[in-house]
Amino acid sequence: MKQPIMVGLLGLGTVGGGTLRILQNRVEDIAQRLGRPVQVKKVLVRNLHKPRPVVVDPALLTDNPADILEDPEISIVVELMGGIHPALDYIKSALKAGKNVVTANKDLMAVHGRELFDLAEAKELDLEFEASVAGGIPIIRPLKVCLAANRIEELKGIINGTTNFILTKMTQEGSDFGEVLKEAQALGYAEADPTADVEGLDAARKLAIVASIAFNSRITLNDVYVEGITKVTARDIQYARQMGYTIKLLGIAKEIDGKVEARVHPAMIPDCHPLAAVNDAFNAIFVKGDAVGETMFYGRGAGDMPTGSAVVGDIIDVARNIIKGHTGRISCTCYHQKPVRPIGEIVCKYFLRLVVTEKPGVLAAIAGVFGDQGVSIQTLIQQETIGDSAEIVLVTHPVREDNLQMALKILSDMPSVERVGNVIRVERG
Ligand SMILES: NC(=O)C1=CN([C@@H]2O[C@H](COP(=O)(O)OP(=O)(O)OC[C@H]3O[C@@H](n4cnc5c(N)ncnc54)[C@H](OP(=O)(O)O)[C@@H]3O)[C@@H](O)[C@H]2O)C=CC1
Ligand SMILES: N[C@@H](CC=O)C(=O)O
Ligand code: NA
């Protein structure tokens, strides 16, 4: 057997554990596929004495990054630590030292992607990151390779497992938000800081990465409009069900008239939409291309083995490129710089819940404000009296977001409007 391809792992937590387990389980098959074995030479961790989720020879573990970054035998560095620092410096050092890189780190790729690609390109090295978006679901390579013939028009999907798990349990079992979040953390779905999941940042990072590839234009985290799920209440879910809708945290990116729109927020989607049936920690992404039409990618978006599956797929691909002497073949595909459409310019329907003082003429006054701002009401769902107040629940016709926000601002300043209960965008499908 020929010399092994040597790998250094940075991190042995949830994803590192899954990755190492798959490499151990598939060692012979991988060697057969490549004609050369892949061997993990060192694994960087913070705490050498912590129990590990996988059987690992203690001699492999190190807490010194130089044992990997400065080892000339290691040709693939696999970064599974997460966060920006020190992961960014380690990846840059690896690339500068001529090592190929595989990473699952969306925090980094959504902000520092350009810089890392420039380094990799200059050295003709691979920088692969399939696990960074939608865990085990193949989406980066399909967009870069299999769908390269298309002009992508739209991407729409559920790209955060933790929030989908929480919303599913709240919808199906009426569970409490905090309890389900703890469960998602125990299952290894959540980020080290789960605020990134529930506030929509994790999904926004993933959307920035896939939108950049889909529209061949660099979209960074700052370009993505973000709202998380913390304001979604049992009452919103109950109204959605009554109307035949399901609430999901969606990532949506579109190119319209040369501008790219990228947003992450809770959305109501019809129960008959395929995304409404994507439950628990599963993810799904719709991609619409001008030649292929609609495609949907579905699977597990988080967890040790599914994410490890994507990481090991990248390792095998990089190893093959090393063997054939053509690393760096598929690099950055952002050769345009398209303007980003501000959220105020989007047009959609809105579900609104307003709490107002119960007295004659209030509904007419609200309708007047909407009329002045060009917001037309499609359906008045409910007007329920609660003590001295009334809850008005309605869905608008499609309207520009700027107009809706102006109407809400005027309404909030009216003494008879006690509060805006919630505003949720309604996606038609
Ligand atoms: N969890 C998931 O389902 C998914 C995660 N990802 C991404 O994968 C990456 C890893 O996530 P996950 O496995 O969940 O994270 P964990 O927190 O479970 O694991 C992180 C690992 O990195 C090590 N580590 C962290 N910081 C340092 C440091 N400064 N020096 C040395 N070692 C360090 C930790 O060491 P020690 O164990 O000693 O503390 C630990 O082994 C992240 O970028 C995440 O966003 C992507 C898709 C899905
Ligand atoms: N925290 C993430 C993990 C995968 O990227 C999620 O919940 O989807
Ligand atoms: Na993926």
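A polar contact, as I use the term in these entries, is a pair of N or O atoms within 3.5 Å. I keep in mind throughout that the model is predicted.

**Entry on ligand 2**

I began with Y189, and found that one of its backbone N or O atoms lies 2.6 Å from a nitrogen atom of ligand 2, which is within the 3.5 Å limit for a polar contact. I then looked up G161, where a backbone N or O atom lies 2.7 Å from an oxygen atom of ligand 2. For K206 I had to turn to the side chain, which has an N or O atom 2.8 Å from an oxygen atom of the ligand. I noted next that ligand 2 has 250 Å² of accessible area on its own, and that the protein covers 93% of it.

Which residues are around ligand 2? I listed K106, N160, G161, T162, Y189, A190, E191, D197, D202, K206, G301 and A302. When I looked for helices in this shell, I saw that α7 (161–173) and α10 (201–214) each supply at least two of its residues. I also recorded that the space ligand 2 takes is the largest pocket.

**Entry on N422**

I moved on to N422, which I located in strand β17, a run covering residues 417–426. Is N422 buried or exposed? I count N422 as buried because its relative accessible area is 9%, and the cut-off for buried is under 20%. Leaving aside neighbours within four places in sequence, I wrote down the contacts of N422 as K231, V232, D236, F351, L352 and R353.

Notes. Residues numbered from 1 in each chain as written. Chains lettered and ligands numbered in written order. Predicted model: local features only at pLDDT ≥ 70, side-chain atom pairs only at ≥ 80, totals over all residues. Heavy atoms only, no water. Helix = DSSP H or I, 4+ residues; strand = E, 2+ residues; numbered from the N terminus. Buried < 20%, exposed > 50% of the residue type's maximum accessible area, 1.4 Å probe, protein only. Contact = heavy atoms within 4.5 Å. Near = heavy atom within 4 Å. Polar contact = N/O pair within 3.5 Å; in protein donor to acceptor, adjacent residues only side chain to side chain. Areas by Shrake-Rupley, 256 points an atom, 1.4 Å probe, with all protein chains shown as cover. 1 Å grid on protein atoms, 1.4 Å probe; cavity = no way out; pocket = protein on both sides within 12 Å on 5 of 7 lines; lining within 4 Å. Sits in = over half its atoms within 2 Å of the grid points.
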